[in-house]
Amino acid sequence: MANTKGTKNAREMQEARLCNKCGKKKTGDLKLCKTCRAKSNIACHGVAQRRLDAGLCTLCGRQPPALGRSKCENCLRRVCKSVRQLYQRRIADGLCVRCGISKHLPDQKRCGKCRSKYRRIAVQDTRRLRTETFMAYGGFECVCCGENEKLFLTLDHIAGNGNKHRRTL
């Protein structure tokens with residue numbers, strides 16, 4: 001099926017939850033099915049990499065990217081605006097703000113599957129950050145008593161003068 005973007009037919013396909021590119025059934029509120037999205041991402045990756053290598057924005061390819069970013073300021077604003085709109089639309093529709101497929105849990109913005117997935121990621125990130133911090137200060141060993149059990153250790157100023165030190169910063 002031909003790409004029907006911008007036509008009345010495209011709106012009908014969107015309402016029927018059909019992929020705008022291949023016409024197959026899709027999940028969520030995105031325009032393409034999972035297969036077409038994956039193909040599109042692979043094709044776009046090569047273009048984006050060439051633009052990045054040339055010192056241009058990966059989206060528009062006309063301006064240099066913002067400092068430390070891969071997109072220019074205009075594209076960053078446009079992307080942020082569209083992400084906010086998608087987020088608000090999913091909340092209004094009662095869908096999970098992450099996947100857009102399942103209904104979100106009561107008093108939550110994510111479905112159970114996304115919530116557990118991102119909770120697991122948050123726990124991993126916290127553990128990694130805690131380990132990096134302890135390693136930067138010499139490892140998992142208490143300077144007072146020599147305790148080396150990770151669960152018992154916390155970070156604190158040795159003399160208990162953290163508030164005083166914070167005021168000098």
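**Group meeting: a walk along the predicted chain**

I will start with G68, which counts as exposed because its relative accessibility is 80% (exposed is over 50% relative accessible area, buried under 20% and partly exposed in between, with a 1.4 Å probe and protein chains only). This is a predicted model, in which local features need pLDDT of at least 70, side-chain atom pairs count only at pLDDT 80 or more, and totals for chains, interfaces and linings use all residues. Residues are numbered from 1 along each chain as its sequence is written, and side-chain values use heavy atoms, without hydrogens or water.

Back to G68. You will find G68 in the loop that runs between α2 and α3 (helices are DSSP runs of H or I with at least four residues, numbered from the N terminus). From G68 to E15 there are 53 residues in sequence, and the two C-alpha atoms lie 39 Å apart in space.

T58 belongs to that loop too, between α2, residues 34-53, and α3. Is T58 buried or exposed? T58 is buried, because its relative accessible area is 14%. Leaving out residues up to four places away in sequence, T58 touches A48, R51, L52, S70 and K71 (a contact is heavy atoms within 4.5 Å).

K34 sits in helix α2. With 67% relative accessibility, K34 is counted as exposed. C19 is 15 residues from K34 along the sequence, and the C-alpha to C-alpha distance between them is 8.9 Å.

Next, helix α3, which covers residues 73-92. L86 is in this helix, and L86 is partly exposed, at a relative accessible area of 22%. Although L86 and V97 are eleven residues apart along the chain, 8.1 Å separates their C-alpha atoms.

R90 also has its place in α3. Which backbone oxygen does the side chain of R90 reach? The side chain of R90 comes to 3.0 Å from the backbone oxygen of V97. R90 itself counts as buried, because its relative accessibility is 4%.

L95 is buried, since its relative accessibility is 9%. Its C-alpha atom is 22 Å from that of T35, a residue 60 places away along the chain.

D107 is another residue of the loop between α3 and α4, the latter being residues 112-136. D107 counts as exposed at 79% relative accessibility. The phi angle of D107 is near 60°, which is a positive value in a residue that is not glycine.

Last, confidence. The chain averages a pLDDT of 83, and 91% of the residues score at least 70 (pLDDT is the predictor's confidence in each residue, from 0 to 100). Where is confidence lowest, and where is it highest? Helix α1, residues 8-15, is lowest with a mean of 68, while α3 is highest at 93. For residues 1-6 the pLDDT is below 50, and this stretch makes 13 contacts in the model beyond near neighbours in sequence. Where pLDDT is low, predicted coordinates should not be read in detail.

Methods. Helices (H or I, at least four residues) and strands (E, at least two) are DSSP runs, numbered from the N terminus. A polar contact is a pair of N or O atoms within 3.5 Å; within protein, one must be able to donate a hydrogen and the other to accept it, and residues adjacent in sequence count only if both atoms are side-chain atoms.
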